[in-house]
Amino acid sequence: MSDREELLQEIKDRAVVHGDFTLSSGRRASWYVDLRRVTLDGAAAPLVGRVMLDATADLDYDAVGGLTLGADPVATAMLHAAAARGRRLDAFVVRKADKRHGLQRRIEGPDVAGRRVLAVEDTSTTGGSVLTAVEALRAAGAEVVAVATILERGAAPRIAAEGLEYRHPYTVADLGLD
Ligand SMILES: O=P(O)(O)OC[C@H]1O[C@H](OP(=O)(O)OP(=O)(O)O)[C@H](O)[C@@H]1O
Ligand SMILES: O=C(O)c1cc(=O)[nH]c(=O)[nH]1
């Protein structure tokens, strides 16, 4: 089985939940994909890193991250998968709000100013979260080369409207949920 097929099976087995849910945007939905159960799973996280690197292999970036919390394990999985392949890839975390003590940094990790970065998410429904990260990265002087999520749930039109390249190894159709 390929990494992509194996990760899809992990998502189906561990992350898909049926019920009545309120989403980040305030929308209601009858199913939810809790990708934290995959990105923080010791067996599945390395697959996340490899699949996301493969989905963005033709892009030129040297740092990866997004809006905390969903993006964080995606970014670190990619960092470790890249290291295993002999490639240096930094990660960063975009805070949801400014920090008012210490160094007061909105974006934690190695500096992103002047660098080509990839903005990631675990999943994207409206694109609001990942585009918040894109805005913060641009304000910090980074060049956002693309957006990448594990699962595209509906944000593609909004991301395209922003003129951003968008990579996602899976859509809801792969989960049989559309
Ligand atoms: O495309 P959107 O409409 O923004 O929705 C997707 C966002 O929702 C989830 O995070 P959530 O807002 O639940 O926050 P968390 O990562 O802090 O748990 C998910 O991890 C994405 O960040
Ligand atoms: O839109 C969201 O908030 C959302 C949807 C989903 O399936 N999974 C998730 O973590 N967030």
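**Exercise 1. Find which residues Thr-125 touches in this predicted model, leaving out residues up to four places away in sequence.**

Solution. 
- Start with the position. Thr-125 sits in the loop between strand 6 and helix 5.
- Next, list the contacts. Thr-125 touches Leu-23, Ser-24 and Ser-25, and also Arg-153, Gly-154 and Ala-155.
- Then check burial. A residue is buried if 20 or more other C-beta atoms lie within 10 Å of its own. Thr-125 has 21, so Thr-125 is buried.

**Exercise 2. Which residues carry the UniProt feature "binding site", and how are they placed in space?**

Solution. 
- The unreviewed UniProt entry puts this feature at Thr-125 and Arg-153.
- The two are spread over 29 residues of sequence, yet they cluster in space. Their largest C-alpha distance is 4.7 Å.
- Arg-153 lies in the loop between strand 7 (143-152) and helix 6 (156-161).
- Apart from residues up to four places away in sequence, Arg-153 touches Thr-123, Ser-124, Thr-125 and Val-172.
- Arg-153 counts as buried because 24 other C-beta atoms lie within 10 Å.

**Exercise 3. Describe the shell around ligand 1.**

Solution. 
- Count first. The ligand is surrounded by 15 residues. The closest are Ser-24, Gly-70, Thr-126, Gly-128 and Ser-129.
- Now sort by element. Strand 6 (116-124) and helix 5 (128-139) are the elements that each give two or more residues to this shell. Strand 6 supplies the largest share, 4 residues.
- Finally, sort by class. The shell holds 3 nonpolar, 10 polar and 2 charged residues.

**Exercise 4. Work out how helix 3 and helix 4 are oriented to each other.**

Solution. 
- Take the axes of helix 3 (residues 45-55) and helix 4 (residues 71-84). They come within 7 Å and cross at roughly 80 degrees.
- Angles of 65 to 115 degrees count as roughly perpendicular. Therefore helix 3 is roughly perpendicular to helix 4.
- Look at the contact by class: 11 nonpolar, 2 polar and 1 charged residues.
- Helix 3 contributes residues including Val-48, Met-52 and Leu-53. Among their partners in helix 4 are Val-74, Met-78 and His-80.

**Exercise 5. Is Asp-13 buried or exposed?**

Solution. 
- Locate the residue. Asp-13 belongs to helix 1 (residues 3-14).
- Apply the cut-off. Asp-13 has 11, so Asp-13 is exposed.
- Asp-13 and Val-38 are 25 residues apart in sequence, and their C-alpha atoms are 9.4 Å apart in space.

Definitions and conventions. Residues numbered from 1 in each chain as written. Chains lettered and ligands numbered in written order. Predicted model: local features only at pLDDT ≥ 70, side-chain atom pairs only at ≥ 80, totals over all residues. Near = placed C-beta within 6 Å. Nonpolar A, V, L, I, M, F, W, Y, C, P; charged D, E, K, R; others polar. Buried ≥ 20, exposed ≤ 12 C-beta atoms within 10 Å, placed from the backbone. Axes fitted to C-alpha atoms, helices over the stretch in contact; angles between N-to-C directions. Parallel < 35°, antiparallel > 145°, perpendicular 65-115°, else oblique. Contact = placed C-beta atoms within 7 Å. UniProt positions renumbered as here; feature names shortened; annotations may be inferred.
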